[in-house]
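Look at the model first, then follow the rings one by one.

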Amino acid sequence: MFNVLFKFLNKSDLACLDTTNNQDSDKAKLRQLAQLQISIVIGLSVIVPLFAYAYTARWQACLRFFIVSFLVGGCALQVATKENYNLKLTKTLLSAGFIAVAATENSLAISNARKELN
């Protein structure tokens with residue numbers, strides 16, 4: 001997992017300028033994504049959704065997920081507090097929803113990569 005993170009952080013910005021290199025690297029990323037196991041993604045999503053995104057190495061999707069999660073979660077908790085709803089139930093439902101979204105999004109990415117390669 002840390003190996004993938006360091007590869008992501010050490011990428012050269014000059015590689016983004018070469019379109020043929022980008023096409024080859026996109027194809028390699030697609031091939032790598034297609035080889036991953038959906039059951040592992042679901043298991044990692046249940047533990048911590050960030051682990052599922054690290055496993056699939058989809059960092060932009062991870063960033064979008066966490067931005068939306070913080071916005072939706074913050075708004076839901078604010079409303080629950082203001083309206084005197086059950087906070088424990090609200091937090092549990094939000095957590096379950098975020099786990100379901102992370103598992104579904106990463107599983108669909110793997111499934112779509114497999115379809116695109118075939």
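F66 is partly exposed, with a relative accessibility of 26%. That value lies between the cut-offs of 20% and 50%, so the label is "partly exposed" and not "buried" or "exposed". Keep in mind that this is a predicted model.

Now find F70. Its relative accessible area is 63%. Exposed means over 50%, so F70 counts as exposed. F66 and F70 both sit in helix α5, 4 residues apart. That spacing is about one helical turn. Their ring centres are 6.4 Å apart. The planes meet at 40 degrees, so this pair is tilted.

How many aromatic pairs does the whole structure hold? A search finds 4. Another of them joins F65 and F98. Here the centres lie 6.4 Å apart, and the planes are at 85 degrees. This pair is edge-to-face, because 85 degrees is over 60. It links distant parts of the chain. F65 belongs to helix α5, which covers residues 59-82. F98 belongs to helix α6, which covers residues 87-117.

Is each partner buried or exposed? F65 has 7% relative accessibility and counts as buried, because the cut-off is under 20%. F98 has 22%, so F98 is partly exposed.

Ring pairs link F65, F66, F70 and F98 into a cluster with Y53.

Methods
Residues numbered from 1 in each chain as written. Predicted model: local features only at pLDDT ≥ 70, side-chain atom pairs only at ≥ 80, totals over all residues. Heavy atoms only, no water. Phe/Tyr/Trp six-rings, centres within 6.5 Å; stacked < 30°, edge-to-face > 60°. Helix = DSSP H or I, 4+ residues; strand = E, 2+ residues; numbered from the N terminus. Buried < 20%, exposed > 50% of the residue type's maximum accessible area, 1.4 Å probe, protein only.
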